Amino acid sequence: MGKQKNTPINAKGDRLVYSDFGDRQYTAATERAVPDLPPQQQDLRIQASRKGRKGKTVTIVSGFQSSPATLATLLKTLKSQCGAGGTVKDNTLEIQGDHGDMLLQALSKLGYRAKKSGG
């Protein structure tokens, strides 16, 4: 039989091959900070999309520069106003259905600068 290699194993049991930034326990220091701008300084785009959703329409709100916690609370209020489901994906809000006009009014009341884009 062959020899087994001795690979370093950290406390979690993971095998570490190479690391540029030192130990993995300090990942908070290497994460990118997200600026949490006030609503008046954010330019948002609202568009309806059906790509990759099997013909279902989804309204996408993009252009946020906020923390994930802020987006989650904003999504909750927008979903309740539209009466639809939705999710947060990559700093964009996706709300099921075509609710462009309703979202534009709701975001304007909250102080965001929003525009409809696309057809």
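1. **A glycine after a helix.** Just after α3, G111 has a positive phi of about 100°. Keep in mind that this is a predicted model.

2. Five strands form an open sheet. Their order is β3-β4-β2-β1-β5, and the pairing is mixed. At the edges are β3 (86-89) and β5 (113-116), each of which pairs on one side only. Direction ignored, neighbouring strands of this sheet are turned by 20° against each other on average. As background, strands of a sheet pair through backbone hydrogen bonds, either parallel or antiparallel.

3. In which sense do β1 and β5 pair? The sense is parallel, over four bridges. Strand β1 covers residues 43-49.

4. Which residues of α2 are buried? They are L71, L74, L75, L78 and C82. Seen down the axis of α2, the buried residues fall within an arc of 110°, so they line one face of the helix. These buried residues pack against β3, β4 and α3. On the other side of α2, the residues A69, T73, K76 and S80 are exposed.

5. **Helix α3 across the strands.** Helix α3 (residues 100-109) lies across β1, β2 (58-62), β4 and β5. Helix α3 runs at about 165° to β5.

6. **Two sides of α3.** Buried in α3 are G100, L103, A106 and L107. They cover an arc of only 130° around the axis, which puts them on the same side of α3. What do the buried residues of α3 pack against? Their partners are β1, β2, α2, β4 and β5. Exposed on the other side of α3 are D101, Q105 and K109.

7. Residue L107 lies in helix α3. Is L107 buried or exposed? L107 counts as buried because its relative accessibility is 0%, and the cut-off for buried is under 20%. Not counting residues up to four places away in sequence, L107 touches L44, I46, V61, L74, L78, Y112 and A114. L74 and L78 are among the buried residues of α2. In sequence, L107 and L74 are 33 residues apart. In space they are 9.3 Å apart, C-alpha to C-alpha.

8. **H99 in a loop.** Where is H99 found? H99 sits in the loop between β4 and α3. At 16% relative accessibility, H99 counts as buried. Leaving aside its neighbours within four places in sequence, H99 is in contact with T59, C82 and A84. Of these, C82 is one of the buried residues of α2.

How values were computed
Residues are numbered from 1 along each chain as its sequence is written. This is a predicted model: local features need pLDDT of at least 70, side-chain atom pairs count only at pLDDT 80 or more; totals for chains, interfaces and linings use all residues. Side-chain values use heavy atoms; hydrogens and water are left out. Two strands pair if DSSP finds at least two bridges between them. Axes are lines fitted to C-alpha atoms, for helices over the stretch in contact, and angles run from 0 to 180 degrees between N-to-C directions. Contact means heavy atoms within 4.5 Å. Buried means under 20% relative accessible area, exposed over 50%, partly exposed in between (1.4 Å probe, protein chains only). The arc is that of the directions from the helix axis to the C-beta atoms.
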